[in-house]
Amino acid sequence: MADRITLVLNGSPVALPAGTSPTMTLLDWLRGPAGLTGTKEGCAEGDCGACTVVLEGADGSRAPVNACLALLGQLHGCAVRTVEGLRGPEGGPHPVQRLLAEGDATQCGFCTPGIAMAAWAHAREGGSVHEALAGNLCRCTGYRPIVDAFARLEDDGAAPPALPAVGGARFEAPGQVFHRPATLAELLELRAAHRGAWLLAGGTDLGLLASEHRQRPPVVIHLSAVPELQALTADTGGLTIGAALPYARLLPRLEGPFAPLGAMLARLGSRQIRAMGTVGGNLGTASPIGDMLPPLLALGAVLRIASVRGEREQRLEDFLLGYRRTALAPDEVILTIRLPRPAAGAVLACEKVSKRHDQDISAVSAGFLLRIEGGRIAGARLAFGGMGPMAARAPAAEAMLTGALLAPACFAGAADELAKDVSPLSDWRGSAAYRLAAAQGLLRRLYWRVARPDLPAEVHAL
Amino acid sequence: MKRPPAAAPDRGAPQAQDAEVQGADRPLQPNARGGMGAALRHDSALRHTTGEARFLDDLPEPPGLLHAALALSPVAHGRLSPIDPAPARALPGVVAVLLPADIPGRNDIAPAGSGEVMLADGLVEYAGQPLAVVVGETRDAALAGAAALRPEIAPLPPVLSIAEAIARENWVLPPQAISRGDAAAALAAAPRRIFGEFRAGGQEHFYLEGQIAMAVPGEDGDVAIHSSTQHPTEVQHIVARVLGCAYNQVTVTVRRMGGGFGGKESNASWVAAAAALAARRTGRPVKLRLSRKADIAATGKRHPFLYRWTAGFDAGGRILALDATLAADAGHSLDMTGGVVFRAITHALGCCDVPALSLRALACKTNTVSNTAFRGFGGPQGALLMEDVVHRVAKAAGLPPEAVRARNFAGGENGAETPYGQALEGDLIRRVWAEAKTDSGWDARRAEIAAFNAQHPYLRRGLGSMVLAFGISFGQTHMNQAGALVHVYTDGSIRLNHGGTEMGQGLFVKVAQVVASVFGVDTDRIRITATSTAEVPNTSPTAASTGSDLNGWAAHAAASAIRSRMAAVAAKEWGVAPDEVAFADGLATAGGNRAMEFGELARLAYLKRVSLSATGFYRTPDIHWDRATMRGKPFFYFSYGAAVAEVAVDTLTGEHRCLSAHLVQDCGRSLNPAVDLGQVEGAFVQGMGWLTCEELWWDAEGHLRTLGPSTYKIPGSRDVPPVLRVRLLEGAPARSETIFRSKAVGEPPLLLATAVWNALKDAIGTDRLDAPATPERVLMALHGR
């Protein structure tokens, strides 16, 4: 018995007609059947932000998302607000819309509806203006007037709409079934029964197949309604993160010794991507350039994996097998990721080198965890992304540092050794020679991060 | 929608970046709100932010609309066998597969000359070249059909670099040369000589709204085209050429574009022609919207350049002789490369004078997409040459680059005349530079940077500058013309139409301000309407920064004609001389005691059977060019500007960042300082993108692999310098008779971003830094590779 996708659109409940493809993108639905053309398609790959809409949480939170990547089935039970749904007190333009217009923050206007929505979310959520804008490209203004306007936003205090209570569901369309299990047991049964199905968490990677490549997968298993996969617990030993927990909900919890990971995560994608994307997704796709993998390797992350056959634990470094290959069996799902808390006195550094500081995929990424005792390096875990077919630790460089004095020469030596550990490729993000040179530079920079924390360590610290 | 300059938002809000508009001249008619000189906001600003502004893809779809998609070549160069349409036709929802044989007119979309095909016929010349148009009931059906085709292409070796094209003498047009004096002898006689070579990459326009057109067939072979184009007249011509019909059967309309930047000049024409072909063949309306990937693969970009030069100079940094080759990568066809290399070679000395020189511009044919117009149109690429020469000479002579540039400024003790015979204004060059230097606190900043660099182990700060001189006019003299159509209705409302197109640059509001000034009314009275070949014919593209110069004067002429007729009506009514009738504050007045509301006078004129509609026409005076001698006065005037930028570089990773920029831009007497400020800021950031982070990356087989924003990185908000101070040059009305003594602003400030490139070279101290200076290029330059 199939269910209908229900959502709240601009404050009003909507039930989509039976047979609506659950993998139609929200953008295609808005611009097509819903007749709301204010939301624009700029790239269909989740990078330009012209299609930004806002998910309104029951708690009043506002999460900007890329409508081009969000699939209708994922939005079951969600409240979506589009640019047409922003209205001021007398039904005229919303103050955010006036502020942007009056501040000369539009030229061609094509990116503008997405920027207005990002602004409306930012007015409530606050934080860094550049983080709020990282997911919205503007080609005309040079951003200065937009940044000015963002610095002056005020929350409108509007209450969130009532969200429908939704549980598990199953949506059908010609040739398609979309499962939304609400319990772990159901999820594991489905996973065992449909081994070729899309395992859909945030969809920031799989969504591209629907948006850009126009695919219609026959079977989808959506992970977000299973409570175990939304876990987030902190104890003295570390953090346990549900595999389908969006980055945006993890980010505020990366404090204390995990703060460097938080700073790097703030550069992963954009707010739009972090509202949807998940750690489990980053691990599951096992891309060699997944930003989370090197820090997690450095921290010694352990995965908890489940199937109808039972549960098991596996270290991340054993889980990653090769280029986009993992030890996840076809009937398994990742439940949680356990991040051990670094020991007192340990130094964690998370690095990402890319052409653009924000919302870029790294040419080289790295996670470094050093244990310093009495001026010596008692332990070193060095992991890199972009330096081979998968994110991996650098044993030769680690050996060079382990037991060494905290001195520039030792880090230079580790940088030399690194060449033995890696086999980078040349592509549009960087040549092999550059990747090696930059990775070596990151190791040299690590010395200064540890030895001279008073110095600005990088250009964005200036 | 009106805002007097005084109501400009406080630019100094907490956390906000700074920018200032100080160039706002007082309006000529201070009581005519919204007249010329007022900092009005963009006419569509509020509709942009509410999502109500309609772009082409937002228009209501006509009944029976079909969708088209393109099949693109997967191969850079090869012999193409006739394509079998069957695999696409077999798919549900596919209506038609259109191949070269289906073209009723000519398979030729060349904007200049002829011989550029819309659909490859027998020969494929770049990866991404359109091979077929597939039409479907839905866009997905059309895309699936296009993907189902299996073109058979026997590969030929592609030419993929400028160097290789030069070696093979593969040109799309013969080399151009400009020379003065005996460069060889002057080089030989110079006290010192150096040789330089460097490259600048291309640039994807990345207009946020991709290429799109909709063709609606009418009766008797007519077709109505909605196109996101900067050049409606060319769309009309190319559609007619492809369909084999007369121009008067094709009507092209564009209300607004979601960005253009030159990318919707010639490239929009063939997109529209493909939609028109599909509409003609199916008899139904057809929309063709390129996906971002198809757009980046199949449409042209800024021309990459390779430079080789030898300069002779003395110990004081005076450059005595220069021999240089500027080689442009045209891609596989001519498109507008002739104009691009012309502008490059006429801008290669920038604001400097070199007494003896020999400049050659090569237009290299390679197996890549045909490069095209992009904001600056070869001017920015030309200007890089002299900046490289200045920096290398400065390094060799042990002088600051700024001193060497100033030593060679045109005018003053040096010659003022460009090598093609047109004079630069040396006083303005020196003035913009002096002001930018002062604004930036140059000397204090230098000292600060030296102190920082002395104490930080691996971060290096650097300071750079740029001074620009940019010629305004189309290089093709005949294109410097424009038309406008103005109607006054009997309620006093005004309808304005002209040949210029709105792509976000604020042209419509600027021209409306001109008309408002003529009639002495508020701009609120003026209805701004979509550009259409049916209203103003035979137009030039909105390009070359000339939009408001040309269309402003044309609209001025139309409005003035109507105003004269209205003045005559009032004069007769009041028994005064027509020249005693003044128009201001929404009133026509004479002396101290005669006044009539503008609308009342319009009604009176109608009752007196006087026409309230007029066309206006303008051609730029006093410009000429002799192709044979490569001399003349190709530009009506020059715009000047200067910039200082500070950067920080991480010498361990190559990561870098622009920390501050101070810009001074000459806009003459600005028509609209708010709009002009936006153009300066936007152009500067776009130029930064070209020079620092936007990298087009082709693989060894000639496939462009940076086909979307996930791989092609335009600047984001954090890349804008946290201190960005822009000033419009004050008290410098244009010396040529431009519209209200304003100057063009679209392109020149893009060159100011060269200051960032120069600052990076200052920070890392290397001789050569190719553009875009990505972190990789910076680090590899530091490593001597």
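A:Tyr143 is found in the loop between α4 (129-133) and α5 (144-150) of chain A, where helices (H or I, at least four residues) and strands (E, at least two) are DSSP runs numbered from the N terminus. Phi of A:Tyr143 is near 70°, a positive value in a residue other than glycine. A:Tyr143 counts as buried because 28 C-beta neighbours lie inside 10 Å; a residue is buried if 20 or more other C-beta atoms lie within 10 Å of its own, exposed if 12 or fewer, and partly exposed in between, with C-beta atoms placed from the backbone.

The model is predicted: local features need pLDDT of at least 70, side-chain atom pairs count only at pLDDT 80 or more, and totals for chains, interfaces and linings use all residues. Residues are numbered from 1 along each chain as its sequence is written, and chains are lettered from A and ligands numbered from 1 in the order in which they are written.

In chain A, the domain assignment, whose bounds come from an automatic or database source, gives domain 1 (1-167) and domain 2 (346-461). The centres of these two domains of chain A, taken over C-alpha atoms, are separated by 38 Å.

In chain B, B:Phe377 occupies the loop between β15 (356-365) and α10 (379-397). Although B:Phe377 is not a glycine, its phi is positive, about 55°. B:Phe377 is buried, with 27 other C-beta atoms within 10 Å. A further loop of chain B, between α18 (754-764) and α19 (775-782), contains B:Pro772. The peptide bond from B:Ala771 to B:Pro772 is cis, with omega near 0°.
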